Amino acid sequence: MEKRLNVAAIWLLMLLQGAIVALGERTRDKMYEPILGASCFRRLNGTHQTGCSSTYSGSVGVLHLINSEADLEFLLTSAPSPPYAPMIPPHLFTRNNLMRLKEAGPKNISVVLLINKTAQMKQFSHELNCPNQYSGLNISSATCDASNPAKNWNPWGTGLLHEDFPFPIYYLAEKDEIEKLEKCFEKFNNFNYETHALRSLCAVEVKSFMSAAVNTEVCMRRTNLINNLGGSKYCDPLEGRNVYATLYPRKPVVENGNETVHTNEKFILVSCRLDTASMFDGVGPGAMDSLMGFAVFTQVAYLLRQLLPLQSSLPDSLRNVLFVTFNGESYDYIGSQRFVYDMENLVFPPKSTQSPPIAFDNIDFMLDIGTLDDIANIKLHALTGTTLAQKILEQLNNYAKSPRYGFNLNIQSEMSPHLPPTSAQSFLRRDQKFPALILNARPTNKYYHSIYDDMDNVGFDYANTSKDFTQLAEVNDFKNLKADSIQMKVRNVSSILAMALYQTLTGKEYTGTKVANPVLADEFLFCFLQSADCPLFKASSYPGSQLTNLPPMRYISVFGGSQESSGYTYRVLGYLLSQIQPDIPKENCTDLPLHYFAGFNNIGECRLTTQNYSHALSPAFVLNGYDWASGQYSTWTESTWSLFSARIFLRPSNVHQITTLSVGIVVLIISFCLVYIISSRSEVLFEDLPASNAALFG
């Protein structure tokens, strides 16, 4: 009987506990309502930290809608119940306003919410006026003058991406989420401001605590110490993958029974930037700042692959083209710095590819495709005027101005230290005599390195023609497309560039009528700006691959982080530069250089490819005893964090909190008194039962 009573008591306690938990969860759901968005996070370099962090338990602030400068002034000078969480539209998210909020400190401003209301927005760039100004050529003042808008590369930059804020900044893009906050503000906060401290107010809590602090040197030292003790990390180096491919497969020769490569093997290095950046996690389309150059780069590679004869038919049968997309260039040229370092040490391509190394002596010249903000105003840049630069410029304009093709472009030249912030600077920093040419347009992007450098910023409308993008176009095709459409602009620039390289490689002027296909540009931009579940990515993936309907994130990330953009680039370059092998069955097409693709018709095809990865990790994290403050290499790291979260709730007034605390203290004292009285009178209150009665309950 006693055992049954004990079991029943245990079950009763378990049911009571479950009911309490369920009731607690329902109560919490009524108290808090989540809001969806993206958070600013912390990055560090060799000298300081940038970005945002909440407190360890989360930062809480009373919602306050900012519609004008006057609203912000009220919050900063006479806020009645701090700390507050201002909701700021983009046109008021300026450096001046954010720095004033920063000076107000977390006691007055604990959270900042950026709301996606763009009606009055005219510009929005978080980057510096001179991007990567401390990691390029040592003549930085001549390369870019931050004090002179006419001589810097981002006149609209606020530099907020490189500031450190003592509160979290949370971005809300969805209209429903913004309306939820505005309704809460209007219902509970936007009246009787003098009584704010006396009543409950609508507030937001943001949890985005960053583990790392100070700078990369401190963070890495702490991380290494903790790892030696078997703990967790505080930060990770920014790390990704460069993607490269050669136009022709490399053919080693045999000397003394060993495979080697001719020392006079020559490459034209064609490069572009793969990544982009923004202040908020996972939100950075980079449409104009890097995707336009990337699109041109891809078209050039494919057009040359289709137009050129066999390598053995070239005047120099050992000449090739090396296409490289550098990753992490937004953070002091991570990818190109590592590429230069690897070439210096004769470990490019990586040893895992079992390919002979390529040295600087093997590079004929470099053509770096930079940002193409205004395609009608492109310049060919070089550090100094050379015969090579003049020759390439003449070839480019020969096709750009030719009435045969109707491109109607004029490519100008600038031979001076005023070089754009592109990957070529990593090569020129090593050797200013390195033959580097840069194709770059004058800056017009008012949304550089921000959440608004999107498809609208480049005027992209998906044509969705369903035509075969693997076929080259005739010069008079697609007259129905607008001449100023982004697809036609990419077609024109990539055709000009490919034709000039064709002439350089063959020694003959291109006289054909085939040009780049604007349908390929259309599909490429759709894949990277709207959805990865697109025809181009499907064709360049394994048959039946499940693709996400979100565009790939192009932030470099960290080891183990998302490398979607590198993965898709690897597949696309592999597909477009490969040669189909109709006689090789699927089961035998498993190891590089063979790769099995779905193909345009999604029936599967084996191809001979040349694409591969190389490491995009700064040499600073490879060298022992590196001087973190030297500035020789990029030192960017990303702080570790727990999951981001944000939610709104009613924050009780100070009076209510004090009353609750007081009642709790009184109840606690009374409880102690009752326990003492009951304990001291236990022999009276709980008198032992007589033996005869006790037997009945035995």
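User: Let's start with helix 8. What covers its buried residues?
Analyst: The cover includes strand 11, strand 14 (266–273), strand 15, strand 16, helix 10 (424–430) and strand 25. Helices (H or I, at least four residues) and strands (E, at least two) are DSSP runs, numbered from the N terminus. Touching here is judged by contact, meaning heavy atoms within 4.5 Å.

User: Before we go on, what kind of model is this?
Analyst: This is a predicted model: local features need pLDDT of at least 70, side-chain atom pairs count only at pLDDT 80 or more, and totals for chains, interfaces and linings use all residues. Residues are numbered from 1 along each chain as its sequence is written, and side-chain values use heavy atoms, with hydrogens and water left out.

User: Good to know. Back to helix 8: how many of its residues are buried?
Analyst: Helix 8 (residues 334–344) has 10 of its 11 residues buried. Buried means under 20% relative accessible area, exposed over 50%, and partly exposed in between (1.4 Å probe, protein chains only). Among the buried ones are Arg338, Phe339, Tyr341 and Asp342.

User: Let's zoom out. How many helices and strands are there?
Analyst: The chain has 17 helices and 27 strands. Its C-alpha atoms fill a box of roughly 115 × 65 × 55 Å along the principal axes. Of the 698 residues in the chain, 51% are buried.

User: Which strands make up the open sheet?
Analyst: Eight strands form it, in the order 18-17-19-16-14-15-11-25, with mixed pairing. Two strands pair if DSSP finds at least two bridges between them. The edges are strand 18 (412–415) and strand 25 (612–617), each pairing on one side only. From one strand to the next, the twist averages 25°.

User: Where do the parallel and antiparallel parts show up, say around strand 19?
Analyst: Strand 16 (residues 363–369) and strand 19 (residues 436–441) pair in the parallel sense over four bridges, with leucine 367 opposite leucine 437. Strand 17 and strand 19 are antiparallel, again over four bridges, and there isoleucine 378 stands opposite alanine 441. On to strand 18: four bridges join it to strand 17 in parallel, and histidine 381 has glutamate 414 as its bridge partner.

User: Is strand 17 mostly covered or mostly open?
Analyst: Mostly covered: four of its five residues are buried. Helix 9 (residues 387–400) lies across strand 16, strand 17 (378–382), strand 18 and strand 19, at about 165° to strand 17. Helix 14 (residues 564–576) packs on the sheet as well, touching strand 11 (239–246), strand 15 (319–326) and strand 25, and its direction makes about 5° with that of strand 11. For these angles, axes are lines fitted to C-alpha atoms, for helices over the stretch in contact, and angles run from 0 to 180 degrees between N-to-C directions.

User: New topic: what does strand 27 pair with?
Analyst: Strand 1 (residues 33–34) is one of its partners, joined to strand 27 (residues 645–651) by two bridges and running antiparallel. Glutamate 33 has isoleucine 648 as its bridge partner there.
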